[in-house]
Amino acid sequence: MIQYSQFTLGNGLRVIHHYDPDSSVVILNTLFNVGARDESPDKTGFAHLFEHLMFGGSANIPEYDKVVEKAGGSNNAYTTNELTNYYITVPHENAETAFWLESDRMLSLDFSQKSLDVQKGVVCEEFKQRCFNAPFGQLWHHIRALLYKESSYRWPTIGLELEHIEQASLYDVKSFFYRYYHPQNAILCVAGKISEEKTVELCEKWYADIEPTDVGNQNIYLHENPPNQRRFFETTDLSPNNAVFMVWRGPVFSDEKSVDLELFSELLGGSENGPLYQKLVKQSGCFSAAECFYTRGIGEGLFVLYGILNEGVTNEEGEKQLWFVLNNAKEGGFFNENDLKTAKNKATAALLFEKTSLINKAQKLCYFANLGLLRNINSENEQYQRVEMSSLIESAATLKTDNVSVIYYHPKTTHA
Amino acid sequence: MPDRLLAPPSIPIKEIDFTQGNETKLNCGNVIYCSPKRDFGVLKLDIYWPEGTAVQSKPAQARAALQLLFGGTQNRTAEQILDGFESHGASFSCNTGLLGSSISVKTISANLVYILPVLIDVLENACFPQNEINLFKTVEVSSLQRKMQTPGYWSQRLCLESLYGESTPETMFSNPEHIEDLTHQNLFDYTKNHLAGNNAMLFVSGDYNDHTISLIDNSFLALTTKQLNQTNTPTTKPNKPTQSITKHLPHSNQISLCMAKNFDRVSHTMFPQLSLLNLFLGGFFGSRLMQDLREEKGLTYGIGSNISLSCTGHTWMITGEMNNQNAELTQSCIREILNGLSSNPPMGEELEKAKLYYGGQLRGSMDGPFSEPGRIQFLLKTGYPHDYYKTVLNTVWETKTDTLAELAYNYLQPDSFTIALAGATGISN
């Protein structure tokens, strides 16, 4: 069980407290309800660029990182299509420093053209490193462009193009800050060796005077129906082998069917004993890798199935074999109750191991709170254990030929 | 309203009060290291050998042998082995480094009793079926070929090979043909000589009790195969390195830089000082490399430095990815920073800040139920004393500017580093 308590400040900031007496640190994890899906189509990559700018100093604390380090702490952040998450870890004796830092940059950032120009340079190099200089670097560009034609889910977090980042202006980033970086749009988790009483005291001291500058993100997005016919894209890539990716949109996190699909992906391709590996990698000799996974998101769920092909195997043949395994699996052809039990046992163990990490707990508490599902955080295992083979097969039946998006990759050196 | 211009008081971490685990010799003959127990319902069991690629006779041999222990035994197929773990929610992972190899088993504590027979079977009866060897080769070669497309892979490889020789145990790199050439006998020989179960040191951490230790002891008693060799780590001196190497990758639009040098093993009192110096160079966000190249000039996304162990000493390495148009400027800035650490060494606030950071990070790193085995394994590799972690912070706090300047002068001369650039260098190989 993850024990926690929660309260809300007068300005709308939701706070969750988790006490861990065995820890020597305190973590402040702040989740802002803003991600790539909140960007404009001609200004993508902003949520991520902004994440970088948040470390450039705040109104009263020009050198954020220096202060963290002097307190013996460390910090980092990440951005997704749906949220931006910041975390700072400090020795528990210096917890108040973390409150001072995090509240000040929620209050106001030290915007400067120089800081913006520097971070644009940094993010552009990150873009190149991740997207242009690694195999499958643009996978998520391609996947999202296929799955979505109008929705703001159609671009990846890093941004659609370098030019969008290069053209970001000070006005753009200031507007972004005032719209999304305020108490009503944030959830703070304070976890570690700090009492609830002290947490309330420090939250009141450092956060209560921050006025909300906008209402919280209403999360209104254009709803786009999933594809109702096969979509296809073909391109070259740094990978020296052909590869096939197949993607479907699926139920969201709060839908119990997403648990079915998560377990189905585990059965199909989460283990070397699963049919993807056994049939395609070990027995057929056509693949060097064949896997699948299901990502459960707030506003989207994505089932991804892929294979990297051995030399001499065409993409068409690869896709055919992936369908063969998938279709058999959808009919329950490869699985029995023991396999489902194994998948559930793995899920149980994974949840237990998660709880050994304070940062995992802090981030999870924020994530569930953001979903409005904090009350379910300790019943995750029950959700997995409730899944029956029949519901799993029923959910897998939605992975069809007429709603799939397929990508073929060819090596750059040999593509005609 | 709080006074936001006034920083809250901050307490420096100058001492670490932590409970160290204990070491025991079991009836089976294995030494077991038991970390302080934590009540989570899960545990980790590490089986550790103080040998890795440094003792392999062929590239890729050590890693292949360890992984393929799980490829099948006289009693179980690879699938049965895997099922023996997964059906109880357990998992295993294999790690082969230069000076150590390990199998890590993670399981719900109550299920260890089901896992141990499978694990003992693997350690005692691995038979390396040819079909599993062939499969391993296919998968590994494919993965390696993908890695070889990235500038970062090549800059590090070329740099380290310049220091230690091509495809030597020291570098841990291999080519596809090395993997293809591995034979059943290669794997069998390596295992017989270096991976005997009763020559392993055991580490248990997480939620366990005396009964768990008895279970482990009784299980390992069943091992009969004795390790044949107690190989000494190679002591050959590294190459005289090439100063500068370049590799052009036609599809790149970035350059990856790696600068590295080797030096003899330092004492347990000097290593913390060098670690502190490394912090200033590129060991954390507040380092000179990070602040200048990334935060001030925006030249790079990733830039940093680290000190790792080599067979006879240490490797000091600087790595980063940069805009290809700024490669000259970046290298020039790095040289300036290296020189600056001796001519303008850290003092005052900069020095204090790094020590404060070091203390906080060191203590924080000791949190969590599974953090101790890695620390102890570091002591085994280096030969540093058992109380190293109780004294290291003291050493750091006592380190003065003059010491850092002298260390920087002795160790961080720019011309003592080999530089490798890979990516959009525009220079044909």
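Is Phe284(B) buried or exposed? With a relative accessibility of 6%, Phe284(B) counts as buried, where buried means under 20% relative accessible area, exposed means over 50% and partly exposed lies in between, computed with a 1.4 Å probe on protein chains only.

Before going further, note that this is a predicted model, in which local features need pLDDT of at least 70 and side-chain atom pairs count only at pLDDT 80 or more, while totals for chains, interfaces and linings use all residues. Residues are numbered from 1 along each chain as its sequence is written, chains are lettered from A and ligands numbered from 1 in the order in which they are written, and side-chain values use heavy atoms, with hydrogens and water left out.

**First stop: the interface**

Select chain A and chain B together and display the residues in contact (heavy atoms within 4.5 Å), to which chain A gives 69 residues and chain B gives 67. The area buried between the two chains, that is, the accessible area (1.4 Å probe) that they lose on being put together, summed over both, is about 5800 Å², and carbon and sulfur atoms give 54% of that area. Within chain A, pick out Glu69(A), Asn133(A) and Phe353(A), which lose the most area to chain B and together make up 12% of what that side buries.

Next, select Arg4(B) and Asp209(A), whose side chains meet in a salt bridge at 3.0 Å, N to O; the term stands for a side-chain nitrogen of Lys or Arg within 4 Å of a carboxyl oxygen of Asp or Glu. Between chain A and chain B the count is ten salt bridges.

**Second stop: aromatic pairs**

Now turn to the rings of Phe, Tyr and Trp (its six-membered ring), which pair if their centres lie within 6.5 Å, with planes under 30 degrees apart called stacked, over 60 edge-to-face and the rest tilted. Over all chains, the count comes to 46 aromatic pairs. Select Tyr294(A) and Phe303(A), a tilted pair with 6.3 Å from centre to centre and 45 degrees between the planes. Tyr294(A) is buried at 7% relative accessibility, and Phe303(A) is buried at 0%.

Finally, select the aromatic cluster in chain A whose members include Phe32(A), Phe46(A), Tyr64(A), Phe111(A) and Tyr181(A).
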